[in-house]
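I opened this notebook to record what I looked up in the structure, taking contacts and cores, then charged pairs, then a pocket and the backbone.

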Amino acid sequence: MRNIRIGDYLVEEGHITPEQLQQVLQRQRESTDQKKFGEVIVEMGFMSDIKFAQALSVKLQTPFVDLNNVEVDGEIARMVPQDLAERNCVIAINKTGRRLTVATDDPVNFNILEDIKVKTGYDCIPVLATRSAIKKAIGKAYQMTDLGDLGIDSSQGEMMDDEESRDRVESAPIVKLATQIVENAFRMEATDIHLEPFEKYTQIRVRVNGDLVVLMNVSSNVQNQLATRLKLISGMNIAEKRIPQDGRFTQTVDGIPLDLRVSSLPMVHGEKIVLRILSTGAIKTRGLHELGMSDYNFRLFESMIKCPHGVILVTGPTGSGKSTTLYAALGAIARPEVNVVTVEDPVEKQIEGINQCQINVKSGMTFPAALRSILRQDPDIIMIGEMRDGETAEIGIRAAITGHLVLSTLHTNDAASTIVRLVDMGIPSYMVASSLIGVVAQRLVKVLCPKCRKQRMSTPEENELMHLDHSVPIYDAVGCNECGGGYRGRTAIHEIIHCSGDISTLIANGASSDELEKTARANGTKLLRDNVADLVQQGVTTMDELIRVTYTV
C-alpha cells in the first residue's frame, strides 16, 4: 500500500470529498486537545466510526473486528492489566499458543504492543476495532470487583454521626464502588440505576431495553454508605433521611461526560436511590433517518418540520424516546440564520448552536415564566420540554399563532387523544385547529436478536391482533450469549396525524378522538399497532412486544 495520508486515501476511495477533508483538517488544527484525524471525521459526521475503521483496515492491511458482535473471554482480556488496557484503549480478545490477538484503534503504535508483550510475555497480533467498541468491551471484561477486593467492610455498624458518615463515604473503596456501578450501567446501555433497600440486603438493578436487570446485591450497611456517597456528590443533605430529595452530578465514563439525575425516597428499610443516566453533548444527536420511522412516516414528519410556524407535538409515556425525536428534529431544522431556544426541565442534552434554558422552580424560573421571557428574545423556533399545564400550553399555542415554530411533548396514549387533551386543558378549539401542524405518538419496542430468534407461524388470535386473515411467519425470542434474553436494543414505532384541512375542521368543531382517528386513518395514518404489526411480520420484534406496547381493554 502506498504511504499516503489517511485523509488523501479516503478522498481517493470516494469516502469523503476534498472539501470535507479540508474541513476535518481545519477542525483538527483548531482543536485544543490534539484529537486524532479519525476522531474528528466521526465527530463531524462525515463517516461513522465503523466505516472509518473499515477503511483504515483496508489501507493498513490489518483485519477489522466488530467487537459489538464478538463475545470477549474475560480471562483472556484480563491477561492485560486493566490500567494498561484503559490507558491505551486496547483489549486482548484471543489467545493461540504464545500469541495474543489484541484489538486496538491504533495498530501502527508498536510501543503499545511492546508494553503488552513485556507485561504478559506473549507476542501480540493487532486487529483494528472502533474506540467506542473497545471501551465498551473493556468495561464488560473487567467486570464489577468483589466487595472484599474493594476493601469495603460490610459488617460495619450503621450508627454513625454525620461527620463519621461523611469521612467513611469519601474513602476510596466506597467511592470506587459508586463509580463502578455507574460505569457498568452505562456500558450495559442502561437508562436508570435502582438501589433498593430491603431488610437483610440491598438490591441494585439497572434498566436495560426497558426491563430491570439485577446488577448485584450488597449488605444493608454498605447500602447506607453508598446512598450517603451518592447524596453527597449530588448536592443533597446527607443528614436528612426522612424526606424525598433530588440532586444531580456528572461523571465521565470512557471519555464521555454523563449527567446523572438522582432521586432519594425514604422506604421502610432505608432510602431508595434512583439514578437516571442522561445523554450529554458528547454523545452524537441522532439524525431523523436514525429514528426508526417507516418510509411513509419519515416523509410525513420531514414535511411537518419544514413548516415555518405552528405546533408539532410528540407524545408517549415516560421513556418512550420523545426527547430523542425532538432533538433529532431540532438538529434537522437548526441553521445559523435561525434563533433556536429551548426551555427544558432538565436540559437532557447540551447541543452546540442552540440556546437552552434550564427550569428552576425554586428561583421562580417556571415554564410559563421562561416562555414569556423567551418570546422577547426574538426566537424563530421554540422547543418546550413538556406542556405540563394549561398556561404553558396556551403560551406555546399563542407563540405558534404569532409566527413561531413550536415543538413540545405531552403525556398521552395516542395522537388523536392528544388533540382532545389540548382542548380539555382549556385552549379554545379554534386556536388548536389553526396552530397545530401535527402530532407524533411513539413507543419503544425491543428488537429481536438475529442470531437466536426462532421462526414459527402465527396463530388465529395473533392474526386478529395484526388485522390479518391468514397466518404468516413470525419470530419468538430465545436468548444466546450475545443478547439479553433474546433481544438486542430497541427501535421506535410511530403514529403520525398531520392536521390537514379536514382534520383541522374536525378539531374546530370539537370532534372526539375516535372521529379524529377515523379520519386520520382514511388520510393514510398508520396507528401504533399497524406499525408494530409490520415489524412483527418483518422479524424485527415479537408478538409479546406488540401486546405490551399497544394492548388496550
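I take contact to mean heavy atoms within 4.5 Å. With that cut-off, and not counting residues up to four places away in sequence, I find that Leu 422 touches Leu 313, Met 387, Ala 393, Leu 410, Ile 427, Val 432 and Leu 436. The model is a predicted one, in which local features need pLDDT of at least 70 and side-chain atom pairs count only at pLDDT 80 or more, while totals for chains, interfaces and linings use all residues. Residues are numbered from 1 along each chain as its sequence is written, and side-chain values use heavy atoms, with hydrogens and water left out.

**Cores.** I next looked up the nonpolar cores, each a set of buried Ala, Val, Leu, Ile, Met, Phe, Trp, Tyr and Cys residues joined through side-chain atoms within 4.5 Å; buried means under 20% relative accessible area, exposed over 50%, and partly exposed in between, with a 1.4 Å probe and protein chains only. The largest core has 39 residues, and Val 343, Ile 419, Leu 422 and Leu 436 are those with the most contacts inside it. Its largest share, five residues, comes from helix α16 (residues 390–401), where helices (H or I, at least four residues) and strands (E, at least two) are DSSP runs numbered from the N terminus. I also noted a second, separate core of 29 residues, which includes Leu 67, Tyr 122, Ala 129 and Ala 133.

**Salt bridges.** How many salt bridges does the structure hold? I find 24, counting a side-chain nitrogen of Lys or Arg within 4 Å of a carboxyl oxygen of Asp or Glu. In the pair of Glu 545 and Arg 548 the closest N and O atoms are 2.8 Å apart; both residues lie in helix α23 (residues 543–550), three residues apart, about one turn of the helix. Glu 545 is buried, at a relative accessible area of 3%. Elsewhere, salt bridges that share partners join Lys 36, Asp 105, Asp 106 and Arg 131 into one network.

I then checked Glu 240 and Arg 242, whose closest N and O atoms are 3.1 Å apart in their salt bridge: Glu 240 counts as buried at 15% relative accessibility, whereas Arg 242 is exposed at 70%. For the salt bridge of Asp 534 with Lys 526 the corresponding distance is 2.5 Å, with Asp 534 partly exposed at 27% and Lys 526 partly exposed at 29%.

**Pocket.** Which residues lie nearest the centre of the second largest pocket? They are Asp 246, Gly 247, Arg 248, Arg 261 and Asp 345, out of 17 lining residues. The elements giving two or more residues to this lining are β7 (245–253), β8 (256–267) and β9 (270–278). A pocket here is an open set of points on a 1 Å grid over the protein atoms alone, where a 1.4 Å probe fits, with protein on both sides within 12 Å along at least five of seven lines, and lining residues have an atom within 4 Å of a point.

**Backbone.** Finally I looked up positive phi values outside glycine. Gln 61 has a phi near 55°, sits in the loop between α4 (49–60) and α5 (74–77), and is exposed at 62% relative accessible area. Asn 209 has a positive phi of about 55°, is found in the loop between β5 (202–208) and β6 (211–218), and counts as buried at 18%.
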